[in-house]
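Please read them with the coordinates open.

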Amino acid sequence: MGRESPAVDPADLSGYVDGFLAEDDALASARATALRLGSVPVSPSSGAALRFLASVLRAKAVVEVGTGLGVSGLYLLRGMAPDGVLTSIDLDPEHQALAKRTFTAAGVAPGRTRLIMGRALDVLPRLTDGGYDLLFIDASKPEYPEYHQQGVRLLRPGGVLAFDNILWQGRVADPTRRDPDTQGVREAARAIREDDRLVPMLLPVGEGLLVAAKV
């Protein structure tokens, strides 16, 4: 028998996955600006997964919690139906102004985005029950459990709930980590796994993307 090849370092494998689909100038510029300002965007592989989900769902109505500088929003828009509208919620007016610039630079028509400034847990209850194809969460970790409940209400049957950072740098797997961020992510993951209204799956891309389809 021949000698087995050495195992690939997980960090190298993650880099390969992130580089599988190259980001264009609009995404690369938005990512660079986000990192310079200390706003960590979704990884390229997580973004590709969001685009894939939006495309498979033929999504026309998507809600994003955590606009950031528009990286995840641009991925979602590129997977959505041509007439689809992205509703993106963020507390930071500077983030939304820069995200708007990202969308404009990428050629996104103004009517395809609805940017709402405010606390998501105040905004989401005002949105239509069962009116959305996809809800993506990348925001305050202690609030993740509440976003789970809002997501089930907002999604149509067959719609998908997606949470970024669900592995939270590996902290959720460490039972000694009891900080509010880790606890929020851990509680949401457990609740979604046990919710018989959802069909969940944990994708090991980026910092972990938990997706769940509403039955």
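Which residues does Arg 31 touch, not counting residues up to four places away in sequence?

1. Basis of the note. This is a predicted model, in which local features need pLDDT of at least 70 and side-chain atom pairs count only at pLDDT 80 or more, while totals for chains, interfaces and linings use all residues. Residues are numbered from 1 along each chain as its sequence is written, and side-chain values use heavy atoms, with hydrogens and water left out.

2. Arg 31. On the question above, Arg 31 touches Glu 23, Pro 41, Val 42, Ser 43, Pro 44, Val 71 and Tyr 75, where contact means heavy atoms within 4.5 Å. Arg 31 lies in helix H2 and is buried, with a relative accessible area of 14%; buried means under 20% relative accessible area, exposed over 50%, and partly exposed in between, with a 1.4 Å probe and protein chains only.

3. Helix H5, extent. Helices (H or I, at least four residues) and strands (E, at least two) are DSSP runs numbered from the N terminus. Helix H5 covers residues 93-105, that is 13 residues, and reaches 18 Å from its first C-alpha to its last, close to the 18 Å expected at 1.5 Å a residue, the expected span being 1.5 Å times one less than the number of residues.

4. The buried residues of H5 are His 95, Gln 96, Leu 98, Ala 99, Thr 102 and Phe 103. Seen down the axis of H5, these buried residues fall within an arc of 165°, so they line one face of the helix; the arc is that of the directions from the helix axis to the C-beta atoms. On the other side of H5, Lys 100, Arg 101, Thr 104 and Ala 105 are exposed.

5. Helix H5, surroundings. The buried residues of H5 pack against helix H2 (25-36), helix H4 (71-79), strand S2 (85-90) and strand S3 (113-117). At the start of H5, a side-chain oxygen of Asp 92 reaches to within 2.8 Å of the backbone nitrogen of Glu 94, and just after H5, Gly 107 takes a positive phi of about 85°.

6. The whole chain. The secondary structure of the protein chain comes to 8 helices and 7 strands. Of its 215 residues, 49% count as buried, and residues 24 or more positions apart account for 67% of the contacts with a separation of 6 or more. The C-alpha trace spans about 60 × 40 × 30 Å along its principal axes.

Definitions and conventions. A polar contact is a pair of N or O atoms within 3.5 Å; within protein, one must be able to donate a hydrogen and the other to accept it, and residues adjacent in sequence count only if both atoms are side-chain atoms.
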